[in-house]
Amino acid sequence: MVLCPFTRYLLRFVRFAARMQPMRILLNVSIPHEDFNAAVRDGSVGQKLKRILDDLKPEAAYFTDQHDRRGVILVVDLPDPSKIPALVEPWFLTFKANVELKIIMSPMDLANAGLDELGKKWA
């Protein structure tokens with residue numbers, strides 16, 4: 001898997017931050033039509049999706065389109081960066097999907113970020 005510079009930076013940040021507490025991650029999954037259609041035709045799509053979702057235990061999961069493909073948006077907790085393959089490999093191996101990872105924060109996380117102090121320091 002080839003990672004862009006920002007993704008490499010993001011993964012380094014996740015490794016550092018994961019030592020402190022679990023992180024909330026947004027997964028954007030884009031699934032090619034051919035592999036998903038094949039699973040629909042052979043009747044296995046429901047079982048495959050259920051298996052992945054049961055394993056990932058997302059806080060939220062939404063099915064939508066992603067870049068003119070079928071898509072899934074998931075919110076999951078990442079307890080440790082070594083768990084990233086467990087989040088993405090099921091989608092790669094089952095549907096040959098593309099997956100984007102983004103760190104996300106709740107309003108409480110943002111409130112605890114110290115933005116006022118950062119503003120004073122860097123303004």
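Me: What makes M105, L110, L115, L118 and W122 a patch?

Reply: They form a nonpolar surface patch with about 570 Å² of accessible area together. Patch members need over 30% relative accessible area and no salt bridge, with nonpolar side chains (Val, Leu, Ile, Met, Phe, Trp, Tyr) joined within 5 Å and like charges within 9 Å. Helix α6 (residues 115-122) brings the largest share, 3 residues. Mind you, this is a predicted model: local features need pLDDT of at least 70, side-chain atom pairs count only at pLDDT 80 or more, and totals for chains, interfaces and linings use all residues. Residues are numbered from 1 along each chain as its sequence is written, and side-chain values use heavy atoms, leaving out hydrogens and water.

Me: Why does Q66 get its burial label?

Reply: Q66 comes in at 10% relative accessible area, so it's buried. Its place is in strand β2. Leaving out neighbours within four places in sequence, Q66 is in contact (heavy atoms within 4.5 Å) with N28, V29, S30, G71, V72 and I73.

Me: How do you know that β2 and β3 pair?

Reply: Pairing takes at least two DSSP bridges, and β2 (residues 60-66) and β3 have 7, in the antiparallel sense. A61 stands opposite L74 in β3. Strand β1 (residues 23-31) also pairs with β3 (residues 69-78), antiparallel over 9 bridges, with I25 opposite V76.

Me: Why is the D109 and R24 pair called a salt bridge?

Reply: The N to O distance is 3.8 Å, and the rule asks for a Lys or Arg side-chain nitrogen within 4 Å of an Asp or Glu carboxyl oxygen. D109 is in helix α5 and R24 in strand β1, so the pair ties together parts 85 residues apart in sequence. R24, E59 and D109 are linked in a salt-bridge network.

Me: What makes K50 and D54 count as well?

Reply: Their side chains meet at 2.5 Å, N to O, which passes the cut-off for a salt bridge. Both lie in helix α3 (residues 45-56), 4 residues apart, about one turn of the helix. D54, at 41% relative accessible area, is partly exposed.

Me: How many salt bridges does the rule give?

Reply: The count comes to 4, and D35 with K96, at 3.8 Å between the closest N and O atoms, is one of the pairs that qualify.

Key. Helices (H or I, at least four residues) and strands (E, at least two) are DSSP runs, numbered from the N terminus. Buried means under 20% relative accessible area, exposed over 50%, partly exposed in between (1.4 Å probe, protein chains only). Accessible areas come from the Shrake-Rupley method with a 1.4 Å probe; for residues, only the protein chains shown count as cover.
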